[in-house]
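This briefing goes through a set of chains, their contact, their core and a few local details. Please keep the sequence and the structure open while reading.

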Amino acid sequence: MGQDAFEITINVLKMLVIFLGIVQAVPLLVWLERRGSAFIQNRLGPNRVGPLGLLQLLADAVKFLTKENFVPEKGEWFFYYGAPVMALIPASLAFASIPLSIPIAIEPFEMFGRTFGPYTFIMQGYDLGIGIVFVLGISSLGAYALLMAGWGSGSKYSLLGALRASAQVISYELALSLSLVGILMVYGTFYFTDIVQAQAGPLTFNFLGKSVVIPWLPNWGIFFQPLGALIFFSATFAETNRLPFDLPEAEGELVAGYHTEYGGFKFNLFFIGEYGHMLVASALMATFFFGGYHFPGLTPEGVSAFWSGVVSGANANNILTSLTFLLVLLAKIAFFLWVFIWVRWTLPRFRYDHLMDLGWKTMLPWALFNTVLTAVVMFISHQ
Amino acid sequence: MSALLAILTFALIVTAIGAGLVWLSSIAGPKVRKTSAKVMPYECGLPGQEAKDTKISIKFYLTAILFIIFDIEIIFMYPWAVTYFDFMKEGLGGYILGAMGVFILLFVVGLIWEVKSKALDWN
Amino acid sequence: MLTVNDFLFYLLAAVTFLSGAGVILARNPIHCAFMLVVSMIGIAGIFVTLDAYFIAAVQMIVYAGAVMVLFVMVLMLFDLKHELKAFSKGAISGVLKLLSTGVLLGMLLAYIGYTFSVDPSFKPVPADPQHAMETTKEISSLLFTRYVFGFEVIGVLLLVIAIGAVTLSRISGGTHADS
């Protein structure tokens, strides 16, 4: 975490910023959802509070905070209060392991009369060699938040809703994990930074022993694994309980499922968890299949040269270069979040048995087919 | 190792902020006045109907067991996937494809049997 | 002075041990299950301190994420308020309990004492991300060459478990679960 106090402080602050970024992204996402869904449904959505209705969410947050805090009689205190907190943990831990930009190299500089040595700050919470397997492991803990909520509410309907939700989540975890095997074969590593680095530059692949370069297409994973990307993206809809897979939360079905007995800010925390999972899913889509923080035409040297014409000093240059690439990744993440919202208001909800059938009988075989196909194609093309 | 310390620190930060928010919401609202309507489990507004135990489907258990089985099989595919290219460079591509092919065949047989036996048909 | 590695190990070992004790001593079975989840996560952390990154992740995915979810789901399905009397009473069972605990404790302490006399030859390698991939690739190269027969047998075993679980659930007259 760092050699001296300055580095440790900056790293801890970085983690705080990442977590608070996820929490602050939620009001923006909910605003986008309410306005976007409104326009899709040919109405206006919130536009009174603040410019374009942007302060609506602040008002809602304050309202949530000041609601009465009732505890259901038959519920268990620890599980009831622990479930909303548990809902935050998998999404945040997973998001912090994804590289958001190129590392910032800080040259030695003077401050308060002391020299602070050369540092390298990575633009992620922690740098893991086993990136994607860690994300899968942490995401599989998301089922516990649902189960704790259902059990802690002490109501039969909440429990049933929680069991159905967790059955759905674990079924689609299979398709999720299997759809990634193809892309792992292509890149040969679990490490996110290596996967992103391998997607820089133009499209390059091996065809019957010759190396083919297509200069006008980027070297993104989507061109190597289109079916895998489709299955992965669909499976993340089910993992995050988003429509069309949101039966566990559906109004009119089991009341509101596992969070029936929650009110006020605890209810909000579940939604921060759900949107956090959406953020992780979008970031993973961008990292695996759409080049991560790379953009065709932008190289670190080129961007650095551009910024050195604007600001002086190597440190400012490095920071601005890194921020440019961060913006690229955030734009891609924003695109996928918009697709999440768009699909929600377009497709009707699946019935539960259709949902489970889709997960086990359609996605799992197709993901398996994708794996075998990738293996065979790689084998043939490398003879 | 530093990554593990970072993970634990981050988990601590998230838990602390989450718990803090929950605590804040529990003191920032009006005092709870426990009426019987509030603390009873919510059942579409009708007074308590869950007097007896209802039977719950065994499908949950089967889903979880089959999830474990297939999850373990997928876990075995992970190290295979990352070293597939290395094996091919050594010239062992056909061998490694065959070894995993047998495993995938067993996976597929299991999946087909599970589908045909209607073990996971939710109605 | 404690290195970071030692501190992390002691912390994770304490968490694992305390949650393991919680599994045995808790009254409510659901509490036991959740304490077991915590101990599984602790074990995954200890694997990381031992440089076994892939195994740690597999521990999280399979044990903490699949097996324990099964446990918790099944425990929540059955209303076990009536069956909380887990401990037997009586003189003979008391003597047996003390005896078995003593034997296990003795074995544990003997092994711990033995490790103090062994020269510590395990020096943790500085964990850079490439190292994690190296260990995973070593596992893979061993698994698919030397132990490939065991690997295929595991496939057969998993198939047998799947068939067995579904068949067992079909037997009529089971517990109070309906199909």
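Two residues are in contact if their C-beta atoms, placed from the backbone, lie within 7 Å. By that rule, 44 residues from chain C and 40 residues from chain B take part in the contact of these two chains. The model is predicted.

**Contact of chains B and C**

- Five helices of chain C, namely H1 (4–25), H2 (29–49), H3 (53–77), H5 (129–143) and H6 (148–170), each supply at least two residues of the side that touches chain B.
- H6(C) gives the most to that side of chain C, with 13 residues.
- Sorted by class, the side of chain C that touches chain B holds 30 nonpolar, ten polar and four charged residues.

**Chain B**

- Chain B has four helices and zero strands, and its pattern along the sequence reads α-α-α-α.
- Of the 123 residues in chain B, 40% are buried.

**Chain A overall**

- Twelve helices and six strands make up the secondary structure of chain A.
- Of the 383 residues in chain A, 51% are buried.
- Among contacts in chain A with a separation of 6 or more, 75% join residues 24 or more positions apart.

**Nonpolar core**

- The largest nonpolar core has 183 residues.
- The residues with the most contacts inside this core are Phe95(A), Leu147(A), Ala175(A), Leu184(A), Leu279(A) and Ala57(C).
- Helix H6 of chain A (residues 156–187) gives the most to the core, with 21 residues.
- Which residues does Leu279(A) contact, leaving aside its neighbours within four places in sequence? They are Ile22(A), Ala25(A), Ala91(A), Phe95(A) and Ile333(A).

**Strands S5 and S6 of chain A**

- S5(A) (residues 202–207) and S6(A) (residues 210–218) pair in the antiparallel sense, over six bridges.
- In this pairing Leu203(A) stands opposite Ile214(A), a residue of S6(A).
- Two residues lie between the strands of the hairpin, and Leu208(A) takes a positive phi near 55 degrees there.
- In a regular strand the side chains alternate between the two faces of the sheet.

**Helix H12 of chain A**

- H12(A) covers residues 352–381, which is 30 residues.
- H12(A) has a kink of about 35 degrees, centred on Leu358(A).

- The 25 residues of H3(C) reach 34 Å from the first C-alpha to the last, close to the 36 Å expected at 1.5 Å a residue.
- H3(C) bends by about 30 degrees at Met68(C).
- Is H3(C) mostly covered or mostly uncovered? It is mostly covered, with 18 of its 25 residues buried.
- Asp51(C) is placed in the loop between H2 and H3 of chain C.
- The phi of Asp51(C) is near 70 degrees, which is a positive value in a residue other than glycine.
- Why does Asp51(C) count as partly exposed? Asp51(C) has 17 C-beta neighbours inside 10 Å, whereas a buried residue needs 20 or more and an exposed one has 12 or fewer.

Methods:
Residues numbered from 1 in each chain as written. Chains lettered and ligands numbered in written order. Predicted model: local features only at pLDDT ≥ 70, side-chain atom pairs only at ≥ 80, totals over all residues. Expected span 1.5 Å × (residues − 1). Bend = angle between axes of the 7 residues up to and from the residue. Pairing = 2+ DSSP bridges. Nonpolar A, V, L, I, M, F, W, Y, C, P; charged D, E, K, R; others polar. Core = buried A, V, L, I, M, F, W, Y, C linked by C-beta atoms within 7 Å.
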